[in-house]
Amino acid sequence: MTKLDIYNALLAGDSPEELFCRADAERKNACGDSVVIRGLVEFSSHCVRRCQYCGLRRDNLQLDRYRMSLTEMIAAAQRILEAGVRTVIFQSGDDLTFTREDISLVLRAIKKRMPEAALTLSLGERPPEDYQAFFDNGADRYLLKFETANPSLYEKLHPGQSLKKRVELLEDLRRIGYQVGTGNIIGLPGQTVADIARDLEYLKEFQPEMIAVGPFVPQQQTPLAGHPMPGPELVLKVLALARILVPAAHIPATTALATLGGHELQARALQGGANVLMVNFSPSAYKGLYRLYDHKACVDLEKAKEIAALVKRPLSLARHDAPDGIACPSS
Ligand code: SF4
C-alpha cells in the first residue's frame with residue numbers, strides 16, 4: 001500500500017466496507033478468530049508530564065490521585081492469572097516514584113509464581129537502563145504510544161517533550177528485545193489527514209507487535225476540554241489501515257472507542273481489523289480515579305464475553321505471542 005493509497009483510503013466515503021472487509025481478512029489470516037483478552041491494572045494516576053489532552057497531567061490539581069502499593073500490584077496480577085487471563089498489563093502515568101527496583105520486584109514476584117504469564121508495561125518514558133532492568137526481571141512487552149508522527153504537533157501537545165526522543169525510546173525497547181506496542185490518537189486539535197497518513201507510514205515502517213489506535217476524548221480538567229471527538233468512521237478506517245499495513249500486530253478495540261460509540265463500536269472495530277479487548281482488573285476502589293478522559297467506559301470479563309458474542313468470535317485468555325510476525329494461534 002503506497003502513501004497515496006493510504007491517503008485516498010482515509011479520504012474515502014463514510015462507510016468504506018471494502019476496507020473493513022480487507023482488514024478483517026488480514027486479521028483472520030494473521031491472528032485467527034479469537035478475541036484475545038488482556039488484563040489491565042492501572043496502578044498509579046500520578047504523572048510528571050503535561051500532555052494537553054490528558055486528565056492525569058501534572059497541572060490538573062483537581063484530580064483525586066492514587067498509587068497502589070507493590071503488594072496490591074502483585075495481588076491484582078494474581079487475580080488476572082486466576083481468572084485464566086495470561087497477559088497482565090501494568091499501566092501508569094509517568095510516575096518516577098516507582099523505582100527501577102520497585103517494578104523489578106513486582107515483575108520477579110509474578111514470574112516466580114506464574115512463569116508462563118506475559119507481562120506488559122506501559123509506564124511512559126524512562127531511561128533505557130530502566131527498560132533493560134525491567135526486561136531482565138521478566139517484562140515481555142512495552143507499550144509506548146507515539147501519539148502523532150507530526151513533530152510540531154507532538155511538541156505542541158506534549159510540552160517539554162519531543163517526537164525524536166519518543167521514537168528513539170521505541171528503538172531502544174526493540175533493541176532490548178521487547179515486543180513493542182505503540183499507536184496514535186485520532187482527532188487531535190490541528191491534526192490533518194496528512195498527519196494521520198504519516199502516523200500510518202510510521203507504523204508500516206516500524207512494524208510494532210501491538211498497535212493502539214485511539215480516538216481523542218476530552219477531559220474537562222484539561223486545556224482541550226472543549227475540543228470535539230472525531231467521527232467514529234475515521235477511527236475505524238485508521239484501525240483497518242493499521243491492520244493492513246502491519247498484518248500480524250495485536251490491535252485492541254480500545255476502551256476509548258467504547259466511550260466514543262459504545263460497546264457496539266468496539267464490536268465494529270473487531271470486525272474491521274482489531275483482535276484484542278482490554279479487561280480492567282484494577283481494584284474497584286481505584287477504577288473511577290484513572291481519569292485520562294471523561295466518561296471512561298469499563299470492560300470487565302463479562303462485558304468482553306458479550307462483545308465477542310456480538311461478533312460471534314471465541315474469547316482467548318492465552319498469551320498469544322507473535323514476537324516474530326508468525327501468525328498467532330486461534331483457540
Ligand atoms: S498521556 Fe501519559 S504521560 Fe501524558 S499526562 Fe497523561 S499519563 Fe502523563
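How many helices and strands does the chain have? There are 12 helices and eight strands, taken as DSSP runs (H or I of at least four residues for helices, E of at least two for strands) and numbered from the N terminus. The model is a predicted one, in which local features need pLDDT of at least 70 and side-chain atom pairs count only at pLDDT 80 or more, while totals for chains, interfaces and linings use all residues. Residues are numbered from 1 along each chain as its sequence is written.

Turning to overall form, the C-alpha atoms fill a box of roughly 50 × 45 × 35 Å along the principal axes. Of the 331 residues, 48% are buried, that is, with 20 or more other C-beta atoms, placed from the backbone, within 10 Å of their own.

Helix α9 (residues 232–245) packs against helix α10 (residues 255–270) at about 50°, with the axes 11 Å apart; axes are lines fitted to C-alpha atoms over the stretch in contact, and angles run from 0 to 180 degrees between N-to-C directions. From α9, P232, V235, L236 and L239 meet L257, L260, G261, L265, R268 and A269 of α10, a contact meaning C-beta atoms, placed from the backbone, within 7 Å.

How values were computed. Two residues are in contact if their C-beta atoms, placed from the backbone, lie within 7 Å. A residue is buried if 20 or more other C-beta atoms lie within 10 Å of its own, exposed if 12 or fewer, and partly exposed in between; C-beta atoms are placed from the backbone.
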